[in-house]
Amino acid sequence: MGAYKQTVLYVEDNELNMDLMHHIFKRNLPSVLLLKADTAELGLQIARQKLPDLIILDIGLPDLSGYEALESLKSKEETRHIPVLAISAFAQRLDIERAKGAGFAGYITKPFQVKAVTETVEALLTGGS
Ligand SMILES: [Mg+2]
């Protein structure tokens with residue numbers, strides 16, 4: 001882990017999205033270590049163990065919704081401060097407003113764009129929120 005400056009956890013059950021994110025980080029965010037979880041339960045466990053600088057959370061997960069997972073993160077002292085970026089195929093303005101209201105630090109719609117992901121992650125990692 002020595003060369004990495006920051007850590008981001010991506011919780012996502014879709015393999016193609018996970019692969020794409022992996023490549024975005026490798027190419028555009030090489031100093032950031034990307035941790036991966038394919039269920040909310042595993043994501044919450046890794047979040048508590050590794051205390052990442054940012055969590056990217058899929059809204060549609062097989063076990064808990066992204067909203068429930070966010071609530072769990074916000075209810076715990078050690079993970080409450082970590083910004084959480086929502087990622088979802090729901091792209092209506094109401095969906096985005098609901099996410100912001102729930103406490104997500106940002107919202108990215110699928111299919112996600114390389115530039116949007118890179119810029120949003122960079123902004124959140126430099127304390128943009
Ligand atoms: Mg999903």
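Y10 stands opposite I56 of strand β3 in this predicted model. Strands are DSSP runs of E with at least two residues, and helices are runs of H or I with at least four, both numbered from the N terminus. β1 and β3 run parallel and are joined by four bridges. Two strands count as paired if DSSP finds at least two bridges between them. Residues are numbered from 1 along each chain as its sequence is written. Because the model is predicted, local features need pLDDT of at least 70 and side-chain atom pairs count only at pLDDT 80 or more, while totals for chains, interfaces and linings use all residues; side-chain values use heavy atoms, without hydrogens and water.

On its other pairing, β3 meets β4 in the parallel sense, again over four bridges. Here L57 stands opposite A86 of β4. β4 spans residues 84–88 and pairs with β5, parallel, over four bridges. S88 lies opposite T109 of β5. Together, five strands form an open sheet with parallel pairing, in the order β2-β1-β3-β4-β5. Its edges are β2 (32–37) and β5 (106–109), each of which pairs on one side only. Neighbouring strands are turned against each other by 20° on average, direction ignored. Axes are lines fitted to C-alpha atoms, for helices over the stretch in contact, and angles run from 0 to 180 degrees between N-to-C directions.

β3 is mostly covered, with five of its five residues buried. Buried means under 20% relative accessible area, exposed means over 50%, and partly exposed lies in between (1.4 Å probe, protein chains only). In a regular strand the side chains alternate between the two faces of the sheet. In β3, L54, I56 and D58 are buried on one side, and I55 and L57 are buried on the other. T7 counts as buried because its relative accessibility is 13%. Beyond neighbours within four places in sequence, T7 is in contact (heavy atoms within 4.5 Å) with V32, L33, L35, P52, D53 and L54.

α1 has 14 residues and reaches 20 Å from its first C-alpha to its last, close to the expected 20 Å. The expected span is 1.5 Å times one less than the number of residues. N17, M18, M21, I24 and F25 of α1 are buried. Seen down the helix axis, the buried residues of α1 fall within an arc of 120°, so they line one face. The arc is that of the directions from the axis to the C-beta atoms. These buried residues pack against β1, β2, β3, β4 and α5. The face turned away carries the exposed residues E15, L16, H23, K26 and R27.

E71 sits in helix α3 (residues 66–74). E71 counts as exposed because its relative accessibility is 60%. E71 and A102 are 31 residues apart in sequence, with 8.3 Å between their C-alpha atoms.

UniProt, in an unreviewed entry, places the feature "domain: Response regulatory" at residues 7–125. Such positions follow the numbering used here, feature names are shortened, and annotations may be inferred rather than shown by experiment. The end C-alpha atoms of residues 7–125 lie 9 Å apart. This span is 47% helix and 21% strand.
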